[in-house]
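Visitor: Could you walk me through this protein, a question at a time?
Guide: Gladly; let us look at it together.

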Amino acid sequence: MLTNNQEFYKICFDNSREGIIVIDEFGKILLANSRVEKIFGYKPEELINESVSILLPKSIKQKHEQFLAGYYDKPFNRNDFDKRDLYGIHKNGQKVEVLIGLNYFQLDEKNYVKAFISDISDYKKKEQVIRNKNYQLEQELKIKNKELKAKNKQLREANIVLLEEINNKIAAEKKAKIALEKEIELNNLKTKFISLASHEFRTPLSGILTSVTLIDKHQKNNTIEKIEKHVNQIKTMVNHLNNILYDFLALEQLSNSNITYRYKTFNPFELINKIIEETKSILKKNQQINYSSHNSNKEIINDYTIISIIITNLLYNAIKYSHEDSIIEIDSKIKEDKLIVSIKDYGIGIPKEDQKHIFERFFRAKNAMEIQGTGIGLNIIKGHIDGLGGSISFKSKENVGTEFSFEVPNFSIK
Ligand SMILES: Nc1ncnc2c1ncn2[C@@H]1O[C@H](COP(=O)(O)OP(=O)(O)OP(=O)(O)O)[C@@H](O)[C@H]1O
Ligand SMILES: [Mg+2]
């Protein structure tokens, strides 16, 4: 029978892919197959009756003896090869890397262990090659990563520079645009000024010329009263021209924003009364100014001259743009930290479509073209009110009337 054939068992035993050794409970080798020779260099017969420690490195011999002593008290099978790196010692003293599986069995009440040994030196070598390759790849990757990071940094920096350049370009373009707009505005103003000056200056200048001619004529006829009348006319017209030039100067100052406000304490009620007194000479026939003040004895701190210019301008407009026999109402109050003044007339009013342009320089409503004016006054006072930190508004209806109100801070409170 096959199972009784010892030769058959020997072939099976020797043909195994693993080295097989059987030891007794004292660690003595009882059997070794021919594969063991390939792993450890010993012929099987050289190993028989030798201690298994002949195949172990010195460093673990003692440990192995202890392991063996405990092993038979609590024997176990180790089928899956241990994952730890184990190694044995070749006959030539070289280390041999191995995997070991253990099988325990008893026969005639004696304990035996069968060990299956695989030589994994080749595998380990290959593993080392792969590990080296991996390490090399990792290093290359690290270098590549570093390079990428550096490139990234470079790109980011280049981006910042680019962004800065773009911003500078935008800012420069903006500046150029503003400069261009300013130039266009200046050109427009120049054109407007030339047409305005030629129009506004022509009337008083030709008046002056007429008066001078007449003076010359009356001088020859010796009529003193008439000479006086014409001299006065010349004075009025020169004054008018002077006022226009003064307005231009004020405009220039405002546009260059080189105006310094000078604050002092004064009573606005007294100031308004003084202005009313001064404007009486230009009132039309039966025009009347009604002034009501709410706190006539209170004083404020602000620029006296500028407030005076603002009120005078508004009052001149009210007189100029309303008819004979009409009433002009002025109202003033000091409220908390503000002086509030309103000037109301029942005159020609401002056409609705012109109202949005009323504070623009040189702007004149279409119903005011027949009346003398340069369109500067409101623009100047708006600039001053803004400069003082105040505000101005108006309500107007054509052929019904206009009311301008402004407020400026009283700097005494703060
Ligand atoms: N009280 C008012 N009633 C009607 N229209 C007015 C009144 N005040 C101003 N306006 C309109 O606003 C325009 C601008 O007024 P502004 O005082 O700036 O200039 P102006 O009176 O024409 O000239 P000036 O520079 O000599 O004062 C006037 O031309 C007029 O059309
Ligand atoms: Mg005016």
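Predicted model: local features only at pLDDT ≥ 70, side-chain atom pairs only at ≥ 80, totals over all residues.

Visitor: Where does D325 sit, and what is its phi near?
Guide: D325 belongs to the loop between helix 8 and strand 9 (327–335). Its phi is positive, in a residue other than glycine. The value for D325 is near 60°.

Visitor: Which loop holds N49, and is N49 buried or exposed?
Guide: N49 lies in the loop between helix 3 (44–47) and helix 4 (58–71). Its phi is positive too, near 70°, in a residue other than glycine. Because N49 has 9 C-beta neighbours inside 10 Å, N49 counts as exposed.

Visitor: Helix 8 leads up to the loop with D325. At what angle do helix 7 and helix 8 cross?
Guide: Helix 7 covers residues 268–279 and helix 8 covers residues 304–320. Their axes come within 10 Å. The axes cross at roughly 45°.

Visitor: What does that angle make helix 7 relative to helix 8?
Guide: Angles under 35 degrees count as roughly parallel, and 65 to 115 as roughly perpendicular. The crossing angle is roughly 45°. Helix 7 is therefore oblique to helix 8.

Visitor: Which residues of helix 7 make the contact, and how many residues of the contact are charged?
Guide: On helix 7 the contact is made by P268, L271, I272, I275 and T279. Helix 8 brings Y304, I307, S308, I311, T312, L315, Y316 and I319. By class, the contact of helix 7 with helix 8 has ten nonpolar and three polar residues, and the number of charged residues is none.

Visitor: Is the crossing of helix 8 and helix 9 left-handed or right-handed?
Guide: Helix 8 and helix 9 pack at an angle of about 150°, with their axes 10 Å apart. The crossing of helix 7 and helix 8 is right-handed. For helix 8 and helix 9, the crossing is left-handed.

Visitor: Which residues of helix 9 touch helix 8, and how many residues of the contact are nonpolar?
Guide: Helix 8 contributes I306, I309, I310, N313 and N317, while helix 9 contributes G377, I381, H384 and I385. The contact of helix 8 with helix 9 has four polar residues and no charged ones. The number of nonpolar residues is five.

Visitor: Which residues of helix 9 are buried, and which residue with positive phi follows the helix?
Guide: In helix 9 (residues 377–387), the buried residues are L378, N379, I380, I381, K382 and H384. Among them, I381 and H384 also take part in the contact with helix 8. The helix is followed by a residue with phi near 80°, and that residue is G389.

Visitor: Which residues does I234 contact, leaving aside its neighbours within four places in sequence?
Guide: I234 lies in helix 6 (residues 224–255), and with 17 C-beta neighbours inside 10 Å it counts as partly exposed. Beyond the sequence neighbours, I234 is in contact with I208 and S211.

Visitor: How many Å separate the C-alpha atoms of I170 and S53?
Guide: I170 is in helix 5 (residues 121–221). With 10 C-beta neighbours inside 10 Å, I170 counts as exposed. I170 and S53 are 117 residues apart along the chain, and their C-alpha atoms are separated by 86 Å.

Visitor: Which domains does the protein have, and how far apart are their C-alpha centres?
Guide: The domain assignment gives domain 1 (2–119) and domain 2 (260–409). E97, in strand 4 (residues 95–107), is 113 Å from N367, C-alpha to C-alpha. The C-alpha centres of domain 1 and domain 2 lie 120 Å apart.

Note on methods:
Residues numbered from 1 in each chain as written. Chains lettered and ligands numbered in written order. Domains from an automatic or database assignment. Buried ≥ 20, exposed ≤ 12 C-beta atoms within 10 Å, placed from the backbone. Helix = DSSP H or I, 4+ residues; strand = E, 2+ residues; numbered from the N terminus. Axes fitted to C-alpha atoms, helices over the stretch in contact; angles between N-to-C directions. Parallel < 35°, antiparallel > 145°, perpendicular 65-115°, else oblique. Left-handed = near helix turned anticlockwise from the far one by under 90°. Contact = placed C-beta atoms within 7 Å. Nonpolar A, V, L, I, M, F, W, Y, C, P; charged D, E, K, R; others polar.
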